[in-house]
Amino acid sequence: MELKEFSMRIGDDFHCHLRRGDMLGKVLPFTASMFGRAVVMPNTEPPILDRFDPHLYYKEIHQYKRNQSYSGFSPIMTIQINESTSPSMIEGASLEGVAAGKVYPIGVTTNSANGVRDFGKISEVFKRMQETGMLLLLHGEKPDTFCLHREKEFLNTLLKINKEFPELKIVLEHITTRVAVWAVKELKNVAATITAHHLLLTLDDVVGDLLSPHNFCKPIAKSPKDRLALLEVATSGNPKFFFGSDSAPHLKERKECSSGCAGIFSAPVAVPLLVEIFEKADRLDKLENFVSTFGAVFYDLPLNKDKITLVKKDWIVPESYDGIVPFLSGKKLSWQVK
Ligand code: NCD
Ligand code: ZN
């Protein structure tokens with residue numbers, strides 16, 4: 001018999017770009033209505049760098065949340081770590097309740113020009129993170145290498161950090177390759193987030209036919225074999241792999257131009273799409289852990305209490321939400337949130 005309704009514990013989004021100001025107001029409702037919590041990325045304008053920045057950003061998110069009446073949603077705050085971060089800044093941020101520090105290697109993605117070139121310069125910072133229990137979130141791409149090999153080439157750096165700081169909890173963010181799946185499985189205290197779009201896309205969906213700027217993100221979608229490895233591990237029930245949408249909104253004109261921005265605005269479709277993907281893989285029973293349990297356990301957070309229910313009903317993803325083109329715009333999805 002065909003399933004018509006699906007309920008599970010409401011999930012968390014372990015990698016989300018909520019931006020600031022107007023954009024924050026536009027995109028927050030999608031995340032706040034479909035998740036209990038979201039790990040909020042710090043590559044905002046201005047960025048979240050110092051111990052007091054997360055507090056201000058938290059207040060900004062809270063203000064929008066209150067105006068839009070999403071009381072059940074909580075942001076999980078992060079700071080960006082770069083070569084100017086000091087161990088005492090980590091201590092301060094940790095006291096402020098910041099859960100994680102995010103490292104962007106220099107220039108690899110949106111707003112990362114201030115990123116890290118020399119990882120040796122931040123080893124004292126990693127040491128202090130290990131001591132305070134702050135998680136390290138890594139954008140795992142090596143700068144200045146061939147774009148399809150950037151993730152693979154970064155794994156050496158991951159290995160070194162893990163070897164030097166074996167108790168430091170690390171999340172390799174938005175993984176896209178079979179080899180990254182392998183590395184994460186091998187390394188103790190290392191987990192990974194996987195996006196919904198990387199479970200669906202390959203490089204062909206970005207540049208294989210006509211150019212599709214709304215499928216363009218960092219790290220770029222890879223080969224069919226890589227996609228399959230992600231799908232296999234995400235639906236396998238391995239607790240080291242959990243959901244992070246990497247929903248990364250940019251205005252339509254910043255995507256559809258020369259020098260278009262990297263980032264896929266997936267928040268409006270992520271949950272229905274995950275249900276569809278897991279159902280197709282005949283692994284719907286594995287979805288709740290992927291979205292609602294494994295990440296919370298790795299972050300040492302209590303599980304959410306609320307439930308979310310989806311019903312099987314076709315809908316067409318809108319062409320735009322207030323000037324932002326969502327992932328799969330104009331396409332049909334078969335599940336929607338009740
Ligand atoms: C993200 C953004 O726009 O902030 N872009 C993206 O392509 N994923 C940054 C990131 O996570 O790489
Ligand atoms: Zn991101």
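1. Donors are N, O and S atoms within 2.8 Å of the metal (3.2 Å for Na, K and Ca), and sites may look incomplete, since water is not among the atoms. The coordinating residues are His15 (NE2), His17 (NE2) and Asp246 (OD), at 2.0 Å. Both His15 and His17 are buried, that is, under 20% relative accessible area, against over 50% for exposed and in between for partly exposed (1.4 Å probe, protein chains only).

2. The model is predicted: local features need pLDDT of at least 70 and side-chain atom pairs pLDDT 80 or more, while totals for chains, interfaces and linings use all residues. Residues are numbered from 1 along each chain as written, chains are lettered from A and ligands numbered from 1 in written order, and side-chain values use heavy atoms, without hydrogens or water.

3. The protein chain contains 11 helices and 12 strands, numbered from the N terminus as DSSP runs (helices H or I, at least four residues; strands E, at least two). Its C-alpha atoms fill a box of roughly 55 × 45 × 40 Å along the principal axes. Of its 338 residues, 55% count as buried. Among its contacts (heavy atoms within 4.5 Å) with a separation of 6 or more, 71% involve residues 24 or more positions apart.

4. Strand 2 (residues 11–16) is mostly covered, with six of its six residues buried. Strand 2 pairs with strand 3 (residues 35–40) in the parallel sense over four bridges; pairing requires at least two DSSP bridges. Within this pair, Asp12 stands opposite Arg37 of strand 3.

5. Strand 3 is largely enclosed by the rest of the structure, because six of its six residues are buried. Strand 3 also runs parallel to strand 4 (residues 74–76), to which three bridges join it, and Ala38 faces Pro75 of strand 4. Here the chain crosses through helix 2 (residues 53–67), and this β-α-β crossover is likewise right-handed.

6. Lys218 lies in the loop between helix 7 (204–208) and helix 8 (224–234). Leaving aside neighbours within four places in sequence, Lys218 has contacts that include His139, Glu141, Arg150, His174 and Asp246; Asp246 is also one of the residues that coordinate the zinc ion (ligand 2). Ile175 is 43 residues from Lys218 in sequence, with 9.9 Å between their C-alpha atoms.

7. Lys218 is joined to Pro219 by a cis bond with omega of about -15°, and Pro219 is in the loop between helix 7 and helix 8. Glu45 and Pro46 are joined by a cis bond with omega of about -5°; Pro46 is in the loop between strand 3 and helix 2.

8. Positive phi values occur outside glycine. Asp144 has phi near 60° and sits in the loop between strand 7 (135–138) and helix 5 (150–164). Because its relative accessibility is 73%, Asp144 counts as exposed. Phi of Asp282 is also near 60°; Asp282 belongs to the loop between helix 10 (270–280) and helix 11 (287–299), and counts as exposed because its relative accessibility is 65%.

Terms used. A crossover is right-handed if, with the strands pointing away from the viewer, the path from the first strand over the helix to the second runs clockwise.
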